[in-house]
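Notes follow in the order I looked things up.

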Amino acid sequence: MMDVHAKGKAVVSHGSRDDMERDTAALHEYGLWATFQKDE
Amino acid sequence: MTASPFRAVRSPALTVRVELSDQERDALAHLLDEVTAMLVVDPEQVPGAGAQDTQWQVLEAALAAPAPRDPAVARLLPDGSRDDPEAAQGFRRLTEHGLREAKQQRLSAAAQALRGEPPVELAETEAVQLLKGLTDVRLVLAERLGLRTDADAEHMHEETLRRLGALAEAETTGDEAVRPDLKADPYLHLALMYDVLTGWQECLVHELS
């Protein structure tokens, strides 16, 4: 949570594209601006 | 202002008693309604859709469209990807409609619950709907107030105090000509609302935990 506060972002989940899209949508429900991206 | 706007009652089931004044309750329900209305797809706002189009055509155009133009609505329905516009659009096509509906439903349920006969008591599900609804309302207000960082929030507090001070000073001098009007200062109005709602939400979180 401190990462989110200080750096503006934090990685909260890893997995397949479908799973990440689902997690992202769930966080949007709570008003959190989650995004998904491919691992480097 | 009410000292403790919400109070949890834990027997037999968890409910939350709303101890806001009628006026405060009404104002909150009204704000929830306003945000609900912002989430309705407006054909005028959808590029490529005309007002005369059928609901389905509007929906289709809205789903194909990039992020909503109003930044506050865009904050409620954010992009799923910052670096890949194609992925963001694909994600939006899949999720935006559902998110709009879920938020609208939740916001109007919370508003309706608040409009009950006093003393208003919220069931646990209604209290959670209100909790999430307060987040949406605060996101909209924060966007309108340009709050992005801690420094922005601090600046808002300083600015609010400065304007309130000017207001109080004009009150004491009683000079009608220079008396600032709270209603005529939309910034102060929004900033105070934001602060009050933050306090209410904090209290509701506390009571529910």
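**Buried charges first**

I started with B:R92, which is buried at a relative accessible area of 3%. Keep in mind that this is a predicted model. Which side chain does B:R92 meet in a salt bridge? I found B:E96, with N to O at 2.6 Å. B:E96 also counts as buried, at 5% relative accessibility.

Next I checked B:K103, which forms a salt bridge with B:D136, closest N and O atoms 2.9 Å apart. B:K103 lies in helix α4 of chain B and B:D136 in helix α5 of chain B, so the pair ties together parts 33 residues apart in sequence. Both B:K103 and B:D136 are buried.

B:D136 forms a salt bridge with B:R106 too, the closest N and O atoms being 3.5 Å apart. This pair again links α5 and α4 of chain B, at 30 residues apart. How buried are the partners? I read a relative accessible area of 0% for B:D136 and 6% for B:R106. Salt bridges with shared partners join A:E29, B:K103, B:R106, B:K132 and B:D136 into one network.

**Across the interface**

A:E29 took me to the chain A side. The side chains of B:R106 and A:E29 meet in a salt bridge at 3.0 Å, N to O. Across the interface of chain A and chain B the rule finds two salt bridges.

For the contact count, I have 15 residues of chain A touching 19 residues of chain B. The area buried between the chains is about 1,500 Å², with 54% of it from carbon and sulfur atoms. In chain A, A:H28, A:E29 and A:W33 lose the most area to chain B, together 43% of what that side buries.

**Helix α2 of chain A**

I then looked at α2(A), residues 17-29. It has 13 residues and reaches 19 Å from first C-alpha to last, close to the 18 Å expected. Which of its residues are buried? They are A:M20, A:E21, A:T24 and A:H28. These cover an arc of only 100° around the axis, which puts them on the same side of α2(A). Part of their cover comes from α4 (85-114) of chain B. On the face turned away I noted the exposed A:D18 and A:R22. Just after the helix, A:G31 takes a positive phi of about 80°.

**Rest of chain B**

Chain B has seven helices and three strands, running β-β-α-α-α-α-β-α-α-α from the N terminus. Of its 209 residues, 42% count as buried.

I also checked another arginine, B:R25 in helix α1 (22-38) of chain B. With a cut-off of under 20% for buried, B:R25 qualifies at 8% relative accessibility. Its contacts beyond four places in sequence include B:V18, B:L20, B:L114 and B:P118.

Last stop was α7(B), residues 186-208: 23 residues reaching 32 Å, close to the expected 33 Å. Its buried residues include B:Y194, B:W200 and B:C203. Among the elements covering the buried residues of α7(B) are β1, β2 and α5 of chain B.

How values were computed: Residues numbered from 1 in each chain as written. Chains lettered and ligands numbered in written order. Predicted model: local features only at pLDDT ≥ 70, side-chain atom pairs only at ≥ 80, totals over all residues. Heavy atoms only, no water. Helix = DSSP H or I, 4+ residues; strand = E, 2+ residues; numbered from the N terminus. Expected span 1.5 Å × (residues − 1). Buried < 20%, exposed > 50% of the residue type's maximum accessible area, 1.4 Å probe, protein only. Arc of directions from axis to C-beta. Contact = heavy atoms within 4.5 Å. Buried area = accessible area lost by both parts, 1.4 Å probe. Salt bridge = Lys/Arg side-chain N within 4 Å of Asp/Glu carboxyl O.
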